[in-house]
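Colleague: I would like to learn how to read a few features of a model. Could we go through them one at a time?

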Amino acid sequence: MTKQQRKPVVFVAGPMTGYHDFNRAEFNAEAGVLEDRGFTVLNPAILPDGLEHRQYLAITISMLEQADAVFLLDGWEKSEGAIREFRRARELGLIFMFQSWETARLAILHNRNSLQEVACK
């Protein structure tokens, strides 16, 4: 299958730690919508319980690096892991998709602040 023939691949990023069942219901609901709209979805909510945070992050960054786009769930900006995924996606030049307009606004502000921080160094 060529790149032109395969469905676009989207990685879902958002908060998990501190949420009931690691926010799997929200991840799975949005993954279902994306799949229904013709995307191949990389969903970190399918990962098993029992790993350390750093192990999850290593796995999710690897998943992200296979994607064409990132779908940011509401609350992503409060998650250390999702912020790192956001930064890596930006480095890779991935397309961003958003669960809500507020999430889009926060991503723009976070991107603007990150660029200013880099420019000041």
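Colleague: Where is E52 found?

Modeller: In this predicted model, E52 lies in the loop that runs between β2 (40–42) and α2.

Colleague: Is E52 buried, partly exposed or exposed?

Modeller: The cut-offs settle that: under 20% relative accessible area is buried, over 50% is exposed, and values in between are partly exposed. E52 has 46%, so E52 is partly exposed.

Colleague: Which residue's side chain does the side chain of E52 join in a polar contact?

Modeller: That of R54, at 3.1 Å.

Colleague: Which residues of α1 are buried?

Modeller: Start with the general idea. An α-helix has 3.6 residues a turn, so residues three or four places apart point the same way. In α1, the buried residues are R24, F27, E30, A31 and L34. They are on the same side of α1 because they cover an arc of only 140 degrees around the axis. A25 and D36, on the other side of the helix, are exposed.

Colleague: What covers the buried residues of α1?

Modeller: The cover includes strands β1, β2, β3 and β4 (95–98). Just after α1 comes G38, with a positive phi of about 100 degrees.

Colleague: Now the cores. Which residues touch the most other members of the largest nonpolar core?

Modeller: That core has 17 residues, and F11, L64, V70, L72, W76 and L94 touch the most other members. Two or more residues each come from β1 (9–13), α2 (53–64), β3 (69–72) and α3 (80–92). A second, separate core has 11 residues, among them V10, A31, L34 and V41.

Colleague: What does V70 touch, leaving out residues up to four places away in sequence?

Modeller: V70 touches V10, F11, A13, L64, A89, L94, I95, F96 and M97.

Colleague: Last, confidence. Where does pLDDT stay under 50?

Modeller: Read the average beside the local values. The chain averages a pLDDT of 92, and 94% of the residues score at least 70. Over residues 117–121, however, pLDDT stays under 50, and the model has zero contacts beyond four places in sequence for them.

How values were computed
Residues numbered from 1 in each chain as written. Predicted model: local features only at pLDDT ≥ 70, side-chain atom pairs only at ≥ 80, totals over all residues. Heavy atoms only, no water. Core = buried A, V, L, I, M, F, W, Y, C linked by side-chain atoms within 4.5 Å. Buried < 20%, exposed > 50% of the residue type's maximum accessible area, 1.4 Å probe, protein only. Helix = DSSP H or I, 4+ residues; strand = E, 2+ residues; numbered from the N terminus. Contact = heavy atoms within 4.5 Å. Polar contact = N/O pair within 3.5 Å; in protein donor to acceptor, adjacent residues only side chain to side chain. Arc of directions from axis to C-beta. pLDDT = per-residue confidence, 0-100.
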